[in-house]
Amino acid sequence: MGNSALKSHLETSQKTGVFQLTAKGLQEFPEELQRLTSNLRTVDLSGNKIEVLPPAIGNFLQLKSLTLNSNRLASLPDEIGKLKKLETLSLNGNRIQQLPPTLGQLKALRTLNLSGNQILEFPPGLGTLRHLDLLDLSRNQIRNVPAAVSELQTIELNLNQNQISALSAEVSRCPRLKVLRLEENCLELSSIPTSILSDSQVSLFSVEGNLFEVKNLRDLEGYDKYMERFTATKKKFA
């Protein structure tokens with residue numbers, strides 16, 4: 001991409017606080033953005049070939065939304081934890097295997113999209129994200145959901161299309177969890193904790209495409225209680 005095109009983008013961004021440059025074959029995070037650290041609120045560099053997010057990302061202190069879908073990122077720098085105003089972090093379709101512990105410092109984060117990466121274990125340390133509404137970990141290679149999941153504050157947890165065969169009963173203790181998506185995993189009916197049905201806040205529990213017939217959920221203890229929550233939610237939005 002020519003310098004003049006980048007220059008005009010930068011000039012516009014200076015005024016709007018928005019920098020969007022998608023599907024342009026960029027191989028690295030544009031260094032020129034450093035000049036705009038004080039006023040950029042939105043950055044979208046989706047559909048490029050960026051392999052590394054530089055530590056300098058930590059200087060963009062006004063950033064509210066960072067979108068890097070469909071790049072080639074394998075990791076994130078620790079400095080990402082400095083983005084105290086960040087509300088949306090979208091990294092779908094990269095090569096990320098694990099997250100830096102500093103991600104738990106993003107206190108304003110509401111949406112964390114990590115669909116279609118190479119994450120093998122359920123990420124620890126996200127319980128500190130008190131305002132998280134959506135955590136999307138679909139299309140990864142996660143095999144189990146550990147007890148530490150109970151610390152999560154998210155409203156929706158999407159784990160569709162992983163390899164999950166073990167689900168901790170602690171998931172029913174997530175204080176705000178309303179939507180739990182586990183479609184196309186490796187769960188048996190016997191590995192579904194009945195506490196999700198009887199004792200949780202979950203009002204949409206989506207388990208199509210596992211190793212049992214969905215209708216057999218009805219045989220589990222607490223199913224009636226779950227259906228009460230499901231129906232009440234449907235009425236509210238009807």
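Let me begin with helix 3, where Tyr223, Tyr226 and Arg229 are buried. These three residues cover an arc of only 125° around the axis, which puts them on the same side of helix 3. Please keep in mind throughout that we are looking at a predicted model.

An α-helix has 3.6 residues a turn, so residues three or four places apart point the same way.

As for its length, helix 3 has 15 residues and reaches 21 Å from its first C-alpha to its last, which is close to the 21 Å expected at 1.5 Å a residue.

Now to the aromatic rings, of which the model has 3 pairs by the rule we use. One of them is formed by phenylalanine 29 and phenylalanine 60, an edge-to-face pair with 6.0 Å from centre to centre and 80° between the planes. Why does this pair tie together parts that are 31 residues apart in sequence? Phenylalanine 29 lies in the loop between strand 1 (18-20) and strand 2 (42-44), whereas phenylalanine 60 lies in the loop between strand 2 and strand 3 (65-67), so the pair links those parts of the chain. Both phenylalanine 29 and phenylalanine 60 are buried.

Another pair brings us back to helix 3. The rings of tyrosine 226 and phenylalanine 230 have centres 6.1 Å apart and planes at 40°, so this pair is tilted. Both residues lie in helix 3, which covers residues 223-237, and they are 4 residues apart, about one turn of the helix. Tyrosine 226 counts as buried because its relative accessibility is 5%, below the 20% cut-off. Phenylalanine 230, with a relative accessible area of 22%, is partly exposed. Together, Tyr223, Tyr226 and Phe230 form one aromatic cluster.

Is leucine 159 buried or exposed? Leucine 159 is buried, with a relative accessible area of 0%, and its place is in the loop between strand 8 (156-158) and strand 9 (166-167). Apart from its neighbours within four places in sequence, leucine 159 is in contact with residues among them Phe122, Leu137, Ile142, Val145 and Leu182. Leucine 159 and leucine 182 are 23 residues apart along the chain, yet their C-alpha atoms are separated by 5.0 Å.

I will finish with the cysteines. How many disulfides are there? The count comes to 0 disulfides. Cysteine 174 is buried, with a relative accessible area of 3%, whereas cysteine 186, at 31% relative accessibility, counts as partly exposed.

Terms used. Residues are numbered from 1 along each chain as its sequence is written. This is a predicted model: local features need pLDDT of at least 70, side-chain atom pairs count only at pLDDT 80 or more; totals for chains, interfaces and linings use all residues. Side-chain values use heavy atoms; hydrogens and water are left out. Rings of Phe, Tyr and Trp (its six-membered ring) pair if their centres lie within 6.5 Å; planes under 30 degrees apart count as stacked, over 60 as edge-to-face and the rest as tilted. Helices (H or I, at least four residues) and strands (E, at least two) are DSSP runs, numbered from the N terminus. Buried means under 20% relative accessible area, exposed over 50%, partly exposed in between (1.4 Å probe, protein chains only). Contact means heavy atoms within 4.5 Å. The expected span of a helix is 1.5 Å times one less than its number of residues. The arc is that of the directions from the helix axis to the C-beta atoms. A disulfide is a pair of cysteine sulfur atoms within 2.5 Å.
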